[in-house]
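Please consider the sequence and the three-dimensional structure shown below. The paragraphs that follow lead through selected parts of them.

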Amino acid sequence: MNTYTIASIAGDGIGKEVVPAAWRVLKTLERVQGDFELHVTEFPWSCDYYIEHGRMMPEDGLEQLEAFDAVFLGAVGHPDLVPDHISLWGLLINIRRGFDQQINVRPSRQFEGLSSPLANPNQFNLMVVRENSEGEYSEVGGRMYSGEDEIAIQNNVFSKKAVKAVMEYAFQLGKDRSGHVTSATKSNGIVFSMPFWDEVFNEVKENYPGIDTRSEHIDALAAAFVTKPETMDVVVGSNLFGDILTDIGAALMGSIGIAPAANININGKYPSMFEPVHGSAPDIEGQGLANPIGQLWTAQMMLEHLGESTAAQTLMNAIEYVIKQGTVTKDLGGDASTENVVKAVEEYLTSENTK
Ligand SMILES: NC(=O)C1=CN([C@@H]2O[C@H](COP(=O)(O)OP(=O)(O)OC[C@H]3O[C@@H](n4cnc5c(N)ncnc54)[C@H](O)[C@@H]3O)[C@@H](O)[C@H]2O)C=CC1
Ligand SMILES: CC(=O)C(=O)O
Ligand SMILES: [K+]
Ligand SMILES: [Mn+2]
């Protein structure tokens, strides 16, 4: 029996709905599969925790998480309680940085049975590899003066090490997939960091002669995501560009409610963290409307990462089946509740379909 320890942080808003939903499914999967076990420890770190303790997580929070095999997170943010930059930096980004989770991998593909907002989605299937440790999300800068004279400065940070790491990861992935890597750049407008980004891309690509490459400015690339996503395979981008492209990728699938993500620690020193692309969706929290598929697909990525490929495949089959059969939440045009979707997935897992 393979056993894994998982730190579970539901976080805020619908995180508190989709994470428990995913655990029910994972426990069912564990039972029907019978050859792996997930030992879960829950952490209540969130904006509610902040209100009580004045911090999003305890001072030794990272130490508490360090020994786990993976972190499974829902979403962070409750702007009515805590400003977003404080809550996200105090928990989500703190873990990403503290655990050297330099790479954020986010797939997007067409699903049978889901209507994409695109008239011709053409079976698109792409993977965004987002730099996850620096770039536009930097802590370098400040504010000075006040009133009409106030100035805000935020410096972008691009290190050779991190840029190279994300590109190496993208090229490796390109080798395993169809062999095509697109780089998101903006070297016509951003004159230091983006020409540097392009140079590193060209340098890394020398080591991958079998891979086709393309470099596209982010504005044109964002448009191409919408007009011809089927021409994309692996797409590598900076922290902000990757963030934006993956919300587009999610929308193309039909809803941000189904998009998964993995924050990967590539040096093997710390756990990786798995969380869906979406946030805490305060507009629908507490109503049973949250789509749990993003969290479930995220769980699938976690299982794959842990080496449980069979369980991962079974879970993906269940997700595809439930979508095709039409048990979907309101964001996808259906009328199923979170609970209905969980039940449908569990029914699939326990039925003959898995045999
Ligand atoms: N990784 C994280 O934890 C992230 C946290 N946030 C935080 O989440 C909060 C809300 O941010 P927003 O910009 O509104 O983004 P959001 O992703 O939470 O919501 C955007 C829209 O998508 C819908 N939506 C999102 N997930 C859904 C799901 N599973 N099922 C059905 N509908 C879903 C929401 O109802 C909303 O209309 C903020 O505090 C923000 O900072 C935002 C993005 C990522
Ligand atoms: C914070 C955010 O939007 C993201 O990580 O995708
Ligand atoms: K999230
Ligand atoms: Mn985002």
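Where is the place of Pro271? Pro271 sits in the loop between strand S11 (262-264) and strand S12 (272-274); helices (H or I, at least four residues) and strands (E, at least two) are DSSP runs, numbered from the N terminus. This is a predicted model, in which local features need pLDDT of at least 70 and side-chain atom pairs count only at pLDDT 80 or more, while totals for chains, interfaces and linings use all residues. Residues are numbered from 1 along each chain as its sequence is written, and chains are lettered from A and ligands numbered from 1 in the order in which they are written.

Pro271 counts as buried because it has 23 C-beta neighbours inside 10 Å. A residue is called buried if 20 or more other C-beta atoms lie within 10 Å of its own, exposed if 12 or fewer, and partly exposed in between, with C-beta atoms placed from the backbone. Leaving aside residues up to four places away in sequence, Pro271 touches Leu65, Phe68, Asp69, Ala70, Val71, Phe99 and Asn265; contact here requires C-beta atoms, placed from the backbone, within 7 Å.

Most residues other than glycine have a negative phi. Asp100, although not a glycine, has a positive phi of about 45°, and Ala281 likewise has a positive value, near 40°. Asp100 lies in the loop between H4 and strand S4 (103-109), whereas Ala281 belongs to the loop between S12 and helix H9 (293-306). Asp100 is buried because 20 other C-beta atoms lie within 10 Å, and Ala281 counts as buried because it has 22 C-beta neighbours inside 10 Å.

Attention now turns to the ligand. Ligand 1 is surrounded by 24 residues, of which the closest are Gly77, Gly257, His278, Gly279 and Asn291; a residue belongs here if its C-beta atom, placed from the backbone, lies within 6 Å of the molecule. Helix H4 (residues 84-98) gives the most to this shell, with three residues.

The largest nonpolar core has 101 residues, among which Val129 and Val166 touch the most other members. Such a core is a set of buried Ala, Val, Leu, Ile, Met, Phe, Trp, Tyr and Cys residues joined through C-beta atoms within 7 Å. Among the residues that Val129 touches are Ile103, Val105, Val166 and Tyr169.

How values were computed. Contact = placed C-beta atoms within 7 Å.
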